[in-house]
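Visitor: I would like to go through this structure with you, one part at a time. Could you show it to me before I start asking?
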Amino acid sequence: MPSQRQIHVGDVPIGGGAPVAVQTMTKTETADLSATMAQIRRVAEAGADIVRVAVPREQDAEALRTIVRDSPIPVIADIHFNHTLALKALDAGAHCVRLNPGNIGGPEKVAEVTRRATELGTPLRVGVNSGSLPKHLRQLEYDNPVEALVTAAVETVELMESLDFTNFKVSMKSTSVPNTIAANRLLSQRIPYPLHLGVTEAGTKWSGSLKSAVGLGTLLADGIGDTIRISLSTFHAEEEVKVAWEILKALKLRERGPVLIACPTCGRLQFDMDSVVAEVERRLEAYEDPIEVSVLGCAVNGIGEARHADFGITGAKDMGMIYSRGEPLKKVRTEDLVDELFAEIDKYYAAGKQVVRDERAAAEAQEWLAENEDATAMTPERMAAMEAEAAGEENPGIMRRVERLDESQSPVAGRRFTRA
Ligand code: SF4
């Protein structure tokens, strides 16, 4: 279930069933205004709903006023250890301030910050890190790290409530994926506040994306989590945003831009599909509409597997074919597949989102398909279908569950399915 409470970071609603918000963090020195603003514009263009900037020095707090004024998306100030900087960030107009009450210098200093935040109507993000739990939880951390993390988070929430402050979201950071999943599951049952999800120090683009997809994806599929940040060791913060969107798109929680599907290839492949898929992916970045585009390595399966795709290509050694929504459109040379695919997509938009079909070209493509299709070939797709059928016969309950999770359904009950 999504969180019961909702807060607003600038104009972005967080929690209470609002779309899961995509966050990232700038990697520049915040006071370097031109570098920071350039990165903020890049992440906003990539689809970040909210951006966080580190505020470790006075000059960063001073720069915040300009950043908040010029940023196209709401700005969160990230503060550690120094409550004076938190007050300055609030005064500079930050749309939210992130701090860990445990490292800000005691409850009086937290109270000063909450008083100012209340006066300004600014929300806070409060949280705990697995690496810096309070001393009294050290033994529990040793015995049961998940319970220790959740206890620390609940104590933080109780502190905020005791200060009559409820305009906040909560995050619990751990480098362990299983602990992140288990702790957030528990915490979501214990508190009504929005949850920010992330796997801290997840790693490089490759391993960090996978860890985040597993950890955050598991929680999001359960309906847990209201904002997400993918932490990757790259200077290019927009890469974090792209990964976050792929996770949300895969779960059908939000839509943004085209969806590319591609077969995994096998020994039937007769052309350089790696390059074709990379080129299709690159050129699709120019489109905002959530069209689905499919790339199949061969035509032995026909195009049944890709019948949902708005457009698709299937290749062979010399010739290939373009299709749309399960119907052949035209036969083309393999080397022209990508150009011709985008020509068809552009025609579709020029015609007001109507597929433009030339019947002669479509008949030729149909003929080519009939020659290349092989209903008897034991392809990976057919084996998967047979396995699924066999599993269903052994356990009809599984099949019913799979059917329920069909494509028309968001896996998350009670949350709005939205387009960016
Ligand atoms: S049989 Fe399937 S996996 Fe193999 S190349 Fe053809 S479409 Fe791709």
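This is a predicted model: local features need pLDDT of at least 70, side-chain atom pairs count only at pLDDT 80 or more; totals for chains, interfaces and linings use all residues.

Visitor: How many helices and strands are in the chain?
Guide: The chain has 14 helices and 17 strands. Its C-alpha trace spans about 80 × 55 × 30 Å along the principal axes.

Visitor: And what share of the residues counts as buried?
Guide: Of the 420 residues, 49% count as buried. As for contacts with a separation of 6 or more, 65% are between residues 24 or more positions apart.

Visitor: Let us turn to the sheets. Which strands close into a barrel?
Guide: Eight strands do, in the order β3-β4-β5-β6-β7-β8-β9-β10, with parallel pairing. On average, neighbouring strands of this sheet are turned by 25 degrees against each other, direction ignored.

Visitor: Which strands pair with β3?
Guide: β3 pairs with β10 in the parallel sense over three bridges, and Val 22 stands opposite Ile 228 in β10. Three bridges also join β3 to β4 (residues 50-54), and these two strands run parallel. There, Met 25 stands opposite Arg 52 in β4.

Visitor: Is β3 mostly covered or mostly uncovered?
Guide: β3 is mostly covered, as five of its five residues are buried. Ala 21, Gln 23 and Met 25 point one way from the strand, while Val 22 and Thr 24 point the other way.

Visitor: What about β6 and β7: in which sense do they pair?
Guide: Strand β6 (residues 96-99) and strand β7 (residues 124-129) pair in the parallel sense, over three bridges. Arg 98 stands opposite Arg 125 in β7.

Visitor: Now the five strands of the open sheet. What is their order?
Guide: The order is β12-β13-β14-β15-β16, and the pairing is mixed. The edge strands, each pairing on one side only, are β12 (259-262) and β16 (327-333). Neighbouring strands here are turned by 20 degrees against each other on average, direction ignored.

Visitor: Which helices pack on that sheet?
Guide: Helix α11 (residues 337-350) packs on the sheet and touches β13, β14, β15 and β16; its direction makes about 160 degrees with that of β14. Helix α12 (residues 359-372) also packs on the sheet, touching β14, β15 and β16, and its direction makes about 85 degrees with that of β16.

Visitor: Where is Phe 271?
Guide: Phe 271 lies in the loop between β12 and α10 (273-284).

Visitor: Why does Phe 271 count as buried?
Guide: Phe 271 counts as buried because its relative accessible area is 11%, and the cut-off for buried is under 20%. Leaving aside neighbours within four places in sequence, Phe 271 is in contact with Val 276, Leu 296, Gly 297, Gly 315, Ala 316, Thr 334 and Leu 337.

Visitor: A change of topic: at what angle do α3 and α4 pack?
Guide: Helix α3 (residues 83-91) and helix α4 (residues 107-120) pack at an angle of about 5 degrees, with their axes 9 Å apart. That angle makes α3 roughly parallel to α4.

Visitor: Which residues make the contact?
Guide: From α3 there are His 83, Ala 86, Leu 87, Leu 90 and Asp 91, and from α4 Lys 109, Glu 112, Val 113, Arg 116, Ala 117 and Leu 120. By class, the contact has six nonpolar, one polar and four charged residues.

Note on methods:
Residues are numbered from 1 along each chain as its sequence is written. Side-chain values use heavy atoms; hydrogens and water are left out. Axes are lines fitted to C-alpha atoms, for helices over the stretch in contact, and angles run from 0 to 180 degrees between N-to-C directions. Helices (H or I, at least four residues) and strands (E, at least two) are DSSP runs, numbered from the N terminus. Angles under 35 degrees count as roughly parallel, over 145 as roughly antiparallel, 65 to 115 as roughly perpendicular and the rest as oblique. Contact means heavy atoms within 4.5 Å. Ala, Val, Leu, Ile, Met, Phe, Trp, Tyr, Cys and Pro count as nonpolar, Asp, Glu, Lys and Arg as charged, and the others, Gly among them, as polar. Two strands pair if DSSP finds at least two bridges between them. Buried means under 20% relative accessible area, exposed over 50%, partly exposed in between (1.4 Å probe, protein chains only).
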